[in-house]
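Here are my notes for you, written as a walk through the model. Keep the viewer open while you read.

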Amino acid sequence: MSALLPLAFLDAMDVGDFFEVVIAWLETNLEPFFDGLGAFIDWTLTGIEAALMWPHWAVVIVVMVAIAWRTAGWRIAVFSVFGLLLIVQMNMWDESMETLALIGTSVIIALVVAIPLGIWSSKSEGAESIIRPLLDFMQTLPAFVYLIPAVLFFQLGKVPGVVATLIFSMPPTVRLTNLGIRQVPKEIKEASLSFGATPRQTLVKVELPVALPTILAGMNQTIMLALSMVVIAGLIGAGGLGNQVVKGITQLNIGLGFESGIAIVILAIYLDRVTQALGAATQRQR
Amino acid sequence: MNEDVVIEARGLYKIFGADPRKAFPLLEEGLSKEDILEKTGCVVAINDANFEVRRGEMFVVMGLSGSGKSTVIRCLNRLIDPTRGQVLIAGEDIMKMSDEELRAVRRQKLSMVFQHFGLLPQRTVLGNVEFGLEISDVSADERRRKAQEALELVGLAGYEASMPSELSGGMQQRVGLARALANDPEVLLMDEAFSALDPLIRTQMQDELLALQEKMHKTVVFITHDLDEALKIGDRIVIMGPGGTIRQIGTPEEILTEPADDYVEAFVENVDRTKVITASSIMRKADPLVIPKDGPSVALRRMEKSGAATVFVTDHDRVLQGIVKIDDAVKARKEKSLEKILLEDEVYTVWPETPVNELLGRAMTCRYPMAVVDREGRLLGLLERSTILAEVAVDSDQVQSLSDLQDELSDDGPVSEEVRP
């Protein structure tokens, strides 16, 4: 290696050291921030968990099936009835709801950050040129790597799980919000401005509504990525179905592995179809 | 400051590119658009445009693609900022306005109609028409009322709840027009508004725009690349040439009869004049009889003097009453009044703005001169068959066959029936 790199400073450089230094610095200097963030995530998560786990499972199933029926039609509603009952039958209900709460928390926070970022990068070439490579980095870095700083900042448990998940799942919404707004036909923007709309009115009344189907496609991607990451976060004790999968692997428990795997698939199909149907509904109007 | 000038452009330039200032000295040297692009990387879109738009006129900016006409219209409401020059809206220079003032002008004085309609796909027709009012914070009730009125004006009442995608192109553009009218602006900016429509619908929309204009008397700036369209709807026309220069400003007839240079001449060469020349421009003074004052003997003397076989009759307000034939007048010489010989139902009437090509068919079947009347029925002038045919003959290669037809018809012309345009 040294022979290929004749320059001394290149030889001496250590990428790993660099990240260690950065993370260590963040850890010591931004501790209050991370503590506050952790508390906020914990609070949101507890609320959503309570809403999902406090009522009897039958009540939650009725609500979820009703949502599926309203948005995605009777086929998905029928699927949800059987799928969710199967989860109950497999004794995976509590774990599934924990996972759902983790997804909900991560996705809400991810969207709150991602949509403004997407809007910003659609409005400013400078912002886009910084945000775009950052998103590439976030999306291609192997998912497991996120777990390390997450644990350093937030210890083990659900909060680092949420943090790793929201970072991993954020990029599609940023990208597609940016794309959606940039794809609004020029004439429609001109029409808005020509009637004397302010930039803000144009954004709220014209650009976001026209870009909505694209933004919803991004949100659908974010939810699906969150689901896959939340399982990986089982490795750091985030709980839910991820924990069951990890247990299945470490104990070579085939039954447990498959049961939790099937529960994940059912949740995935449910979330995907329902959010896609929401996007299609806004698309149909036009 | 002339009261009747609504929009004025003075020394307007638009140059696209990294450093437009570099292009100005080259422009003054008289370099072409291509040379300037090569030397500076700048595109000259408008090169020293000067024009004024008068209150209530249809002002058409006509040019081929690349002539800068779309840039011109966008400079009028500053969707594009001119590089140099002034744009005065009702005497105020919009280049000097703050964002706030500019928005106020856009909300109250100027509305725009777009080539591809620019409608919001997720809103209903009504929601689209309300858009401009919503931007101006008009209350919901008033918004609805005004939008409803605008929709009725363009003939779309009953489509309020439809989505734009459910409508045909022509109907979508009516929505665009209604949206622009709902604000009740002084000026309508129409950017190739009918160019995306198929030819039949386009003609229909042009007619409707003219009819609407007769009611509303808005000032309209209309952009088009279609000369026929420009000649049909324009009160005055600007011809823009390549490189964003104005070649000529004038009425349709001026453009056709006195083209300013070779470019305009080449442009208008192939125009069918009969579509442009109107009844009013070729009609003759009528000198009618007036009832109840005049009798048959006055009628005879009048016809003797003019050498015609018929004479029109009006009342004191010049409203057309009918026509008197020479042989009837001879027979009724002794009578005091024209009452008995007045033919009320055998007069062809035409509007003054009817183009000559539409008169042709009637000229063939009509025994008497046609009466040109306004909407109140007042006689403005008369049109003889020979005048119409002569007008068509100027640039028609069908002259021979037409005059043959005329000979045939004059032997035993069919009885004319009353046809009101």
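1. First, the ground rules. This is a predicted model, in which local features need pLDDT of at least 70, side-chain atom pairs count only at pLDDT 80 or more, and totals for chains, interfaces and linings use all residues. Residues are numbered from 1 along each chain as its sequence is written, while chains are lettered from A and ligands numbered from 1 in the order in which they are written.

2. Chain A averages 86, with 94% of the residues scoring at least 70. For chain B the mean pLDDT is 83, and 92% of its residues reach 70 or more. The complex gets an ipTM of 0.75 and a pTM of 0.73 from the predictor.

3. Helices (H or I, at least four residues) and strands (E, at least two) are DSSP runs, numbered from the N terminus.

4. Be careful with two stretches of chain B. Over residues 397-403 of chain B pLDDT stays under 50, and the model has three contacts for them beyond four places in sequence; a contact means that the C-beta atoms of two residues, placed from the backbone, lie within 7 Å. Residues 408-421 of chain B also have pLDDT below 50, and this stretch has 19 contacts in the model beyond near neighbours in sequence.

5. What is chain A built from? Helices: chain A has 14 helices and zero strands. Its C-alpha atoms fill a box of roughly 65 × 60 × 40 Å, taken along the principal axes. Of the 286 residues in chain A, 41% are buried. Here buried means that 20 or more other C-beta atoms lie within 10 Å of a residue's own, exposed means 12 or fewer, and partly exposed is in between, with C-beta atoms placed from the backbone. Among contacts in chain A with a separation of 6 or more, 76% join residues 24 or more positions apart.

6. Where do the chains meet? On one side there are 17 residues of chain A, in contact with 20 residues of chain B. Helix 11 (186-194) and helix 12 (199-232) of chain A each supply at least two residues of the side that touches chain B. The largest share, six residues, comes from helix 11 of chain A. That side of chain A divides into eight nonpolar, six polar and three charged residues. In this count Ala, Val, Leu, Ile, Met, Phe, Trp, Tyr, Cys and Pro are nonpolar, Asp, Glu, Lys and Arg are charged, and the others, Gly among them, are polar.

7. Which residues of helix 2 (residues 33-40) of chain B are buried? They are Lys33(B), Ile36(B) and Thr40(B). They sit on the same side of helix 2 of chain B because they cover an arc of only 65° around the axis; the arc is that of the directions from the helix axis to the C-beta atoms. On the other side of this helix, Glu34(B), Asp35(B), Glu38(B) and Lys39(B) are exposed. The buried residues of helix 2 of chain B pack against helix 1 (23-29) and strand 2 (43-54) of chain B.

8. Who are the neighbours of strand 8? Two strands pair if DSSP finds at least two bridges between them. Strand 3 (residues 58-63) of chain B pairs with strand 8 of chain B in the parallel sense over five bridges, and Met62(B) stands opposite Thr224(B). Strand 7 (residues 187-191) of chain B also pairs with strand 8 of chain B in the parallel sense over five bridges, with Val187(B) and Thr219(B) as bridge partners.

How values were computed:
pLDDT = per-residue confidence, 0-100.
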